[in-house]
Amino acid sequence: MSGLEGTIVAETALSRVDGQRGELILRGRLLEELAGKVSFEAVCGLLWEEPEGEVAQGLARARQVAFEQVSSHLAETDALGYPAALRLLLTHLRPDARVPEHHLAVGAVGVGLRAVLDRRAGLPPRLCEGSHAQAVLGKSDQPLRRALDCYLCSVADHGMNPSTFTARVIASTGAELFPALVGALSALEGPLHGGAPGPVLDMLDACAAHPEGPVGWVQAELAAGRRLMGFGHRIYRVRDPRAVVLKRAVSELQSQRIRLAEQTEEAALAALRRHKPDRPLETNVEFYTALLLEAVGFPREAFTAVFAAGRVAGWCAHVREQRQNGRLIRPAARYVGSLPPGSEAHSDTYVGG
Ligand code: ACO
């Protein structure tokens, strides 16, 4: 089946992904002009059409409100993975007249993620000063904050990816913003979407331990019929532009792993060309995301939740756009089951009569 490949499901002014040129445009601006050069708050302002200063103040206020709302629910997250913990905290979120709902959503993901990370490190809940990146990071280390800010900008929005589509489908039914975000988070979690960067580090560990290094390990993986995490993309047929930006950012942090990562990338790309000569499979965003988030200090189990701390900006913008311009999203399916006598085969679209 198509997986809706190439199907236009919405009109958007938010972002465009050009898979042939390896280009990502956010409201008319190339990713390379933004990531590492402006703050996450500026990218939110671009997506939401709000001045950067108002976004910064709004998100700071929203973090306080979110902190009041989620702090008492932290114990409920103890047995959960990070994405599920964030989902649970979002289900407790309520609109508050003091802040716009999209500010509250982004603030809650930042505050909630930091609180869960701190709790697992044995630290009490706290409200960090400063920017969204600083709130997620939990400290004011300048190079780490800059690298994280660059990452959050890189993943803020990306066309009609599965989690954004999920948010738009839910919003198209007239549902509220927070349930749409819970759905989007669920779609983000799978390894074919936002769940890949943790397994990328597992892959690097395995390459380092393999007697023939990355070349031997990637060959064995492909021969066993498994996919290499951090490679391939539904849209990109060339290197993902976010991988370029993130590699530059992680190189500035002097990650211990960069040399091993480069060797693994080279071995994987060569093996994938032999494995699938007709299907270009290039490095995607998750490969250098894994290195960057590890160098910044997050545990690998939390990587998908950190992704959500950036993508939530895009989800909120898409929900607003869907409400403004969209109709109920309700595609059709072709029924291939058995039929009662007298019925004719057709899809479940309206067939007249
Ligand atoms: N390793 C090995 N083979 C691959 C890979 C890979 N990383 N990616 C695709 N292929 C193969 C598939 O097995 C398939 O082969 P087949 O035709 O013999 O079955 C062929 O290439 C085409 O793959 P599809 O699954 O049709 O491509 P699709 O567009 O659906 O998949 C996807 C894109 C899901 C990202 C895929 O490339 C993949 O699984 N990559 C690994 C996981 C990953 O890196 N996920 C993060 C994606 S980025 C993001 O969403 C933020």
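This is a predicted model: local features need pLDDT of at least 70, side-chain atom pairs count only at pLDDT 80 or more; totals for chains, interfaces and linings use all residues.
**Entry 1: the ligand shell**

I began with the residues around the ligand. There are 21 of them, and the closest are Arg-227, Leu-228, Phe-231, Arg-234 and Lys-276. I then sorted this shell by residue class: 11 are nonpolar, 5 are polar and 5 are charged.

**Entry 2: polar atoms at the ligand**

Which side chains place an N or O atom 2.8 Å from an oxygen atom of the ligand? I noted Arg-227, Arg-234 and Asn-284. For Arg-227, the distance runs from a ligand oxygen to an N or O atom of the side chain, and it is 2.8 Å. Arg-234 gives 2.8 Å for a pair of this kind, and Asn-284 also gives 2.8 Å. Next I looked up how far the protein covers the ligand. Taken alone, the ligand exposes 920 Å², and the protein buries 77% of that.

**Entry 3: the largest pocket**

Which pocket does the ligand take up? The space taken by the ligand is the largest pocket. I recorded a volume of about 1700 Å³ for the largest pocket. Its lining has 46 residues, and those closest to the centre of the pocket are Pro-162, Leu-192, His-233, Arg-234 and Ile-235. Several elements give two or more residues to this lining: strand S1 (15–18), helix H8 (162–172), helix H13 (258–275), helix H14 (285–296) and helix H15 (303–325). S1 gives the most, with 3 residues. By class, the lining of the largest pocket holds 20 nonpolar, 15 polar and 11 charged residues.

I made a cross-check on Arg-234. Arg-234 is listed among the residues closest to the ligand, and it is also listed among those closest to the centre of the largest pocket.

**Entry 4: the second largest pocket**

I moved on to the second largest pocket, which has a volume of about 440 Å³. It is lined by 21 residues, of which Thr-7, Val-9, Ile-329, Arg-330 and Pro-331 are the closest to its centre. Which helices each supply at least two residues of this lining? I found H8 and H15. Both helices are also on the list of elements that give two or more residues to the lining of the largest pocket. The lining of the second largest pocket divides into 10 nonpolar, 6 polar and 5 charged residues.

**Entry 5: the cavity**

About 40 Å³ of space lies in the largest cavity. I listed its lining as Gly-110, Val-111, Arg-114, Ala-115, Arg-126, Leu-127, Cys-128 and Ala-135. Helix H5 (residues 101–120) gives the most to this lining, with 4 residues. By class, the lining of the largest cavity has 5 nonpolar residues, 1 polar residue and 2 charged residues.

Conventions. Residues are numbered from 1 along each chain as its sequence is written. Side-chain values use heavy atoms; hydrogens and water are left out. A residue is near a molecule or strand if one of its heavy atoms lies within 4 Å of it. A polar contact is a pair of N or O atoms within 3.5 Å; within protein, one must be able to donate a hydrogen and the other to accept it, and residues adjacent in sequence count only if both atoms are side-chain atoms. Accessible areas come from the Shrake-Rupley method with a 1.4 Å probe; for residues, only the protein chains shown count as cover. On a 1 Å grid over the protein atoms alone, a cavity is a set of points where a 1.4 Å probe fits but cannot get out, and a pocket is an open set with protein on both sides within 12 Å along at least five of seven lines; lining residues have an atom within 4 Å of a point. A molecule sits in a cavity or pocket if more than half of its atoms lie within 2 Å of its grid points. Ala, Val, Leu, Ile, Met, Phe, Trp, Tyr, Cys and Pro count as nonpolar, Asp, Glu, Lys and Arg as charged, and the others, Gly among them, as polar. Grid points are joined across faces, edges and corners, and a volume is the space filled by probe spheres set on the points.
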